[in-house]
Amino acid sequence: MNRVQGVVKMYARDKWGWFYLPWIILLSSFLVNLIIAAFLPMDEKIVTGGLMSIFIYMMVAGILSMFQTFPFALGMSVRRHDFFMGTMLMITLISIGISVILCLLSFIEGDVIDGWGVRLYFFHLPYISDGGILSQLVIYFSVMLNLYMIGFLWASLHRRFGKSGVYVLAIAGLIIITLLLYMANYFEWWPSIRDFFIGFTALDIALWLLPITVCLSVGSYLLLRRATV
Amino acid sequence: MTAIVEAKRLTKVYGQHTAVDQVSFQIEENKIYGLLGRNGAGKTTVMHMITAQLFQTSGELRVFGAEPFENNEVLRQICFIKESQKYPDSFGVNDVLETAALFFPNWDRAYANELVQAFKLPVKRRIKKLSRGMLSAVGIIVGLASRAPLTIFDEPYLGLDAVARSIFYDKLMEDYAEHPRTVILSTHLIDEVSRLLEHILVIDEGKLLLNEEADALRGRAYTVTGSAARIDSFIAGKKVINSEMLGNFRSATIYGSLLASDQKSAEAAGLDIAPVTIQQLIVYLTSGSARKEATVR
């Protein structure tokens with residue numbers, strides 16, 4: 001039995017957490033929006049950011065896999081490398097699956113039942129859906145993977161260096177961000193920052209996100225290799 | 001005899017605190033070991049290092065002839081059951097057993113089911129909702145049904161009642177007879193398990209205090225009781241690890257095997273001789289005052 005596959009199968013046993021809960025969260029958000037859109041006497045388009053909920057959920061899933069599944073996997077005599085590879089394989093498959101379904105829903109919302117008949121745009125969003133269905137697929141996949149890895153890296157840091165490691169990084173990060181914000185204000189960087197990003201499509205950004213995600217992934221592997229339970 | 005585990009001057013330091021201090025020992029194939037000692041003595045740390053869940057500060061450790069860290073050839077042969085094992089929140093008992101089947105090559109599903117019946121475990125129930133005793137039973141089932149060549153139980157029966165504990169001992173002996181393997185059992189209930197143990201390692205304050213065959217240990221100490229004056233002359237020059245006064249009577253526990261000549265002189269002096277159980281012996285050896293006394297004399 002290949003132990004990396006074993007890790008994927010171990011994750012997949014949690015059907016609730018991987019297959020049901022993300023959709024329950026997303027669809028309840030969608031349903032609320034749909035009801036509001038149906039009863040709102042407005043002719044304007046309603047565009048909401050409710051789609052974010054499933055992405056945020058992925059970040060939480062990243063934290064939980066490290067907190068709950070890592071100690072269990074080690075207890076099952078799984079080595080850290082196989083746990084990591086299995087986790088990466090699982091999250092890649094999940095991200096592809098979710099992205100495909102989201103694109104399908106976006107296609108229905110955009111082209112089949114326009115705005116679900118109530119001019120609600122929940123899945124078919126401006127900017128993100130601009131580049132067509134394939135680019136949308138890449139965007140969803142890349143963002144989802146990235147958020148998962150942020151959660152996973154964060155939890156790996158906690159696993160490796162404990163609470164103090166997380167605090168040190170959080171405080172250092174806050175200081176750096178605050179400094180950068182002050183500098184941006186002082187040197188009036190904002191217009192050029194806006195101009196810089198305006199030149200990119202959502203697909204460009206999603207593609208740039210991929211190498212960043214790989215770096216996060218390598219970082220968490222290095223932390224995980226020396227992590228103890 | 002093949003050495004399954006070989007530790008040489010194994011040391012683990014946490015900041016100022018040395019949890020395991022230059023411990024050297026060998027674990028041989030197909031024997032049942034008892035790893036005994038008080039709370040915080042370093043037993044759990046040693047077991048975590050054997051299974052590569054913790055890293056040693058210094059010293060050498062070989063398990064199945066190789067470094068255990070990130071080594072599948074070694075790790076797949078080990079099953080480590082510990083009291084503090086965490087499980088994913090969403091997992092039920094059957095999820096844990098099915099996952100164990102994925103990772104332990106010798107996993108016996110039928111045997112696992114038989115054990116589930118014996119411990120009356122609700123397979124559908126989530127791990128989170130189990131009582132402490134049931135949680136321990138899950139670990140025991142994984143430990144037994146995995147049939148790992150090296151199976152380590154660290155305090156496996158927190159919250160288990162006497163009946164369930166005796167089921168565990170019986171099943172362990174039964175299965176050990178049919179499928180010999182190396183077992184390390186760490187526990188406080190020394191009297192209960194001493195009949196199972198073939199070899200005993202005692203760790204105290206991070207140091208290896210004792211590394212003996214259980215049979216040799218059973219005759220390692222004895223207690224003499226009698227009038228104080230006669231006891232005093234009897235114990236002169238002997239290593240006394242415990243002594244108690246009761247009126248004119250004195251009872252002294254002597255570390256060392258009982259020689260025929262001593263037995264004769266004790267009988268002549270009207271002194272009673274009683275064997276010391278392994279549990280008593282270990283209590284004497286690891287409780288601070290007795291240890292001091294033993295070194296003073």
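How much area is buried between chain B and chain A? About 2700 Å², and carbon and sulfur atoms give 56% of that. Buried area here is the accessible area, with a 1.4 Å probe, that two parts lose on being put together, summed over both.

Some ground rules. This is a predicted model: local features need pLDDT of at least 70, side-chain atom pairs count only at pLDDT 80 or more, and totals for chains, interfaces and linings use all residues. Residues are numbered from 1 along each chain as its sequence is written, chains are lettered from A and ligands numbered from 1 in the order in which they are written, and side-chain values use heavy atoms, with hydrogens and water left out.

Back to the interface. Chain B brings 32 residues to the contact and chain A brings 26 residues. Contact means heavy atoms within 4.5 Å. On the chain B side, B:Glu70, B:Leu102 and B:Phe103 lose the most area to chain A. Together they account for 26% of what that side buries.

One cross-chain detail is a charge over a ring. The charged end of A:Arg226 sits over the ring of B:Phe55, 3.9 Å from its centre. The rule: NZ of Lys or CZ of Arg within 6 Å of the ring centre and within 35 degrees of the ring normal. Chain A has a case of its own, with the charged end of A:Lys45 over the ring of A:Tyr121, 4.9 Å from its centre.

Now chain A itself. It has seven helices and two strands. Both come from DSSP runs, numbered from the N terminus: helices are H or I with at least four residues, strands are E with at least two. Along the sequence the pattern reads α-α-β-α-α-β-α-α-α. The C-alpha trace spans about 60 × 50 × 30 Å along its principal axes. Of the 229 residues in chain A, 43% are buried. Buried means under 20% relative accessible area, exposed means over 50%, and partly exposed is in between, using a 1.4 Å probe and protein chains only. Take contacts in chain A between residues at least 6 apart in sequence: 79% of them join residues at least 24 apart.

What holds rings together here? Rings of Phe, Tyr and Trp (its six-membered ring) pair if their centres lie within 6.5 Å; planes under 30 degrees apart are stacked, over 60 edge-to-face, and the rest tilted. That gives 25 aromatic pairs over all chains. Take A:Trp18 and A:Tyr148: centres 6.4 Å apart, planes at 40°, so this pair is tilted. A:Trp18 is in helix H2 (residues 15-39) of chain A and A:Tyr148 in helix H5 (residues 133-186) of chain A, so the pair ties together parts 130 residues apart in sequence. A:Trp18 is buried at 6% relative accessible area. A:Tyr148 is buried too, at 0%.

A second tilted pair is A:Phe84 with A:Tyr221, 4.9 Å centre to centre and 50° between the planes. A:Phe84 belongs to helix H4 (residues 80-112) of chain A and A:Tyr221 to helix H7 (residues 202-225) of chain A, 137 residues apart. A:Phe84 is buried at 7%, and A:Tyr221 is buried at 18%. H3(A) bends by about 40° at A:Thr69, and a proline, A:Pro71, follows within four residues. That bend is the angle between axes fitted to the seven residues ending there and the seven starting there. After H3(A) comes A:Ser77, with a positive phi near 60°.

Which residues does B:Gln85 contact, leaving aside its neighbours within four places in sequence? They are A:Pro71, A:Phe72 and A:Gly75. B:Gln85 lies in the loop between strand E5 (78-82) and helix H3 (93-103) of chain B. It is buried, at 11% relative accessible area.

Last stop, A:Ala206 in helix H7 of chain A. A:Ala206 is buried at 3%. Beyond four places in sequence, A:Ala206 touches A:Val138, A:Ile139 and A:Ser142.
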